[in-house]
Amino acid sequence: MKDAYIIEYVNENEFRKKERSVKKYNMLAYKKLIFEYYPAFRDGKFSGVVVSTNKKEHITKYELKLPTDAMFSKVHGDMILHYSVYENQNIVMLHTITPEDILTEGHQTELSTYKGVMVSKTHADKDMFKINLLNMLEK
């Protein structure tokens with residue numbers, strides 16, 4: 001238990017909103033976060049791509065791609081968990097989950113779907129155009 005890491009948040013309230021939105025719209029990614037990634041972080045097993053390292057202060061920043069539907073990734077972008085590891089203090093600092101705009105909007109209001117993909121209320125036309133375009137390219 002000596003080497004156990006503690007999970008902290010840059011802004012816990014905003015992070016939890018995005019996390020609840022992930023739970024609502026992408027249960028697979030939420031289950032992976034809760035049952036695989038967070039326990040692994042506590043044990044000191046970090047996954048994802050190393051974005052930057054600060055060797056002087058022993059801080060490493062990671063980006064972890066969460067499992068998402070291929071069409072969602074093409075329309076809104078990959079769902080990525082951004083976090084940092086403070087090795088001297090044994091702290092994992094959770095920053096955010098992207099794409100922030102659709103997750104924040106999904107927390108505030110009920111999002112509709114178009115052909116099985118979440119559509120933002122603020123730019124619904126743009127999202128539907130992308131979905132139609134991607135469907136035409138697949139045919």
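1. Buried means under 20% relative accessible area, exposed means over 50%, and partly exposed lies in between (1.4 Å probe, protein chains only). By that scale Glu14 is partly exposed, with a relative accessible area of 30%.

2. A word on the model. It is predicted, so local features need pLDDT of at least 70 and side-chain atom pairs count only at pLDDT 80 or more, while totals for chains, interfaces and linings use all residues. Residues are numbered from 1 along each chain as its sequence is written, and side-chain values use heavy atoms, with hydrogens and water left out.

3. Side chains of opposite charge can pair when their charged atoms come close. A salt bridge is a side-chain nitrogen of Lys or Arg within 4 Å of a carboxyl oxygen of Asp or Glu. The structure holds 4 salt bridges.

4. Take Glu14 again. Its side chain forms a salt bridge with that of Lys17, at 3.4 Å from N to O. Both residues lie in helix α1 (residues 12-25), 3 residues apart, which is about one turn of the helix. Helices (H or I, at least four residues) and strands (E, at least two) are DSSP runs, numbered from the N terminus. Lys17 is partly exposed, with a relative accessible area of 24%.

5. Helix α1 also holds Arg16 and Glu19, 3 residues apart, about one turn of the helix. Their side chains meet in a salt bridge at 2.9 Å, N to O. Arg16 is partly exposed at 29% relative accessible area, whereas Glu19 counts as buried at 4% relative accessibility.

6. Now helix α2 (residues 27-42). Glu36 and Lys32 are 4 residues apart there, about one helical turn. A salt bridge links their side chains (3.4 Å, N to O). Glu36 is partly exposed at 42% relative accessibility, and Lys32 is partly exposed at 25%. Elsewhere, salt bridges that share partners join Glu12, Arg16 and Glu19 into one network.

7. How do the helices meet? The axes of α1 and α2 come within 5 Å and cross at roughly 120°. That makes α1 oblique to α2. Axes are lines fitted to C-alpha atoms, for helices over the stretch in contact, and angles run from 0 to 180 degrees between N-to-C directions. Angles under 35 degrees count as roughly parallel, over 145 as roughly antiparallel, 65 to 115 as roughly perpendicular, and the rest as oblique.

8. The contact (heavy atoms within 4.5 Å) involves residues of α1 including Phe15, Glu19 and Val22, and residues of α2 including Met27, Tyr30 and Ile34.
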